[in-house]
Amino acid sequence: MANTRRMLVTAVETLDEEKVVSLVKMGLNNGISPLDLIEDVHQGMKRVGMHYEREDYYIADLIMASLIFQRVLTLIPITKENGSEQKPQVIIGTVKHDIHDIGKNIIIGLLRSRGIGVIDLGVDVPPDVFVDAVQETGAKILGLSGLLTSSYEVMREITDTLNKRNLRSRVQVVIGGLVNEDVKEYVGADYWVDDCAYGVEVCRHILNIDVNSSSKTVVGVV
Amino acid sequence: MTPEQRLQTAILLGKPDRVPCAPLIESYAGRRAGLSNYEFMYNYEQAELAFVQLQQEFPWWDVMRSVYFVFHGPIQKTIGFMKPMMPGVDLPPDSEYQMLEYEAITRDDYGLILEAGFHSFLNEFYKRVHKVNDEEIAKARRLQLDILNSQINRARQRGQTFLYGGFTVLAAPLLCMMRSLEQFIRDMYQVPSLLDRVLEVVTEALIADGIASARKTGIPRLFIGTARLTCQLISVPLFERFVWSSMKQTVFKLLDAGITPIFHLDSDWTKNLEYFREFPPGKVVIELDSTTDIFQAHRILGGHTCIIGDVGAPLFTLGKPEQVQEYCRKLLHELGKEGGFILGSGCHVPLEAKHENIDAFFRSVEEWGWL
């Protein structure tokens, strides 16, 4: 059993999706607990993250690891009963009138694979839906994605509404897509990111998660 | 100098009398003329009137740099490489058009490409994605060529030159758009040899199409779309294997045919700029979209590769006119003074650009563009 678990960590680290799938199935058949298997996958993900920090892995490698993680989740459903569900800490969506979702989906996959719970609001999301989600969940981070310049007004409307509803101080607003420092200032956001891997680091920083700390055996699912 | 002489001089790294002015203006022209974006995207005649009006306002706009012939509504809805969401049809009339990212082809389709060839596969792709028939595909192809020829002729009639003699996309980014980014990444890791073979077939077909298009229009320059797969995202070995090899092949075959490749470099190419030094000097053009550091690009490729760029969408939308002018002045002084530079927008001028910023952009050419 220990050997299977060690091999699983290595298979994730080397981004061997089919081997990961086969080892997870083998582990479940041999009675290894789902939580232990997820912990092993997280260990592998942590090693992938270290390769990225050392610059011998690229964003595509992180994406590949996140795809493997998502595949594992189809084999090991995350439930309250097995104790692996986590309260969402990040709310993300593409703002109204914009349907671009590549960057949004990638960062959601990366965050979840690093053990951070995420609510995905989808695309073309009206401002009130973002604000209601902040109020209802108490998430610490609101991620607003947009690749159109028309997104800037919508993002600004969202931060204005957060202010009006006295919710702004409860949440850090991170914008992503076709954005820069000027857009961040205009929108009234706290951070801007144009790179998914950096976006994950920003979220970890906000959540006070040490980049080099051990992953927890919990994942967020929505 | 005529606009065409000016353009050719810049491409050949020479010093024209004035820096050529080539913003990629499409939908913004329609908005400025009072059209909805639906009207602009679906009514070519009205789109042309919008271009005329804008050029009359700004006679320094001497290089018509347009891919309207590719993104015209009925064309995109029939022979687009991705499924589009169009203003007035799928989106509100004044929206920008957008593309749906999904797995439009599967890994099994690679077998189809290898068996039937890319052109045959492409017809099946159009039928599958756009729900069209052979007749509609043929009609859209004719319309595309008609609009391109008309765009060229009308640009010349109003005293401009036209930049592109045709349009293509590099094989890897094209398959990436069809497969979706995530699935294409999976393919690079899991079926690299199969992907090599497919890319070879697709590259050959796209080169042939590009050469044919440039010959039909008589403009020996080709727009080549490249997106997503830079070293910002993928490793150097993956870039060299799946992108650079077909890029090199495309460039050298186009050059053999007397055609200048114009690479539209979306996203951050800073880490990949050195590769362009492998091409002969003065033979290739790159367009930067303001994500790549254009000043770094000039340090690496100045005197070797003509650069077009790169006033970005955020600056056009949120900036003040004096900021736009200052940025253009910097581009014209630092990149333009030695030649080999064409002032342009970074990718499209956004629909929401402030009118006063467009005025400032063109004014900068008049003030600081003369050499």
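Reader: In this predicted model, with which residues is M178(B) in contact, leaving aside its neighbours within four places in sequence?

Author: The contacts of M178(B) are F81(B), Y102(B), E103(B), A104(B), I105(B), F118(B), F121(B), L122(B) and F125(B).

Reader: How should I read such a set of contacts, and which residues have the most contacts inside the largest nonpolar core?

Author: In soluble globular proteins, nonpolar side chains tend to be buried together. Here the largest nonpolar core has 176 residues, and M178(B) is among those with the most contacts inside it, along with F118(B), L175(B), F263(B) and F276(B). Helix α4 of chain A, residues 59-75, supplies the largest share of this core, 11 residues.

Reader: Why does this core lie between domain 1 and domain 2 of chain A?

Author: Because both domain 1 (2-75) and domain 2 (90-206) of chain A give residues to the core. There is also a second, separate core of 25 residues, including L144(A) and V183(A).

Reader: Turning to charged pairs, what does E103(B) meet in a salt bridge?

Author: The partner of E103(B) is R179(B), at 2.9 Å from N to O. This pair links distant parts of the chain, 76 residues apart: R179(B) is in helix α10 of chain B, and E103(B) is in the loop between β3 and α7.

Reader: Is R179(B) buried or exposed?

Author: Buried means under 20% relative accessible area. R179(B) has 2%, so it is buried, whereas E103(B), at 38%, counts as partly exposed.

Reader: How many salt bridges are there over all chains?

Author: The count is 34. A network of salt bridges links E17(A), E18(A), R71(A) and R186(B).

Conventions. Residues are numbered from 1 along each chain as its sequence is written. Chains are lettered from A and ligands numbered from 1 in the order in which they are written. This is a predicted model: local features need pLDDT of at least 70, side-chain atom pairs count only at pLDDT 80 or more; totals for chains, interfaces and linings use all residues. Side-chain values use heavy atoms; hydrogens and water are left out. A nonpolar core is a set of buried Ala, Val, Leu, Ile, Met, Phe, Trp, Tyr and Cys residues joined through side-chain atoms within 4.5 Å. Buried means under 20% relative accessible area, exposed over 50%, partly exposed in between (1.4 Å probe, protein chains only). Helices (H or I, at least four residues) and strands (E, at least two) are DSSP runs, numbered from the N terminus. Domain bounds come from an automatic or database domain assignment. Contact means heavy atoms within 4.5 Å. A salt bridge is a side-chain nitrogen of Lys or Arg within 4 Å of a carboxyl oxygen of Asp or Glu.
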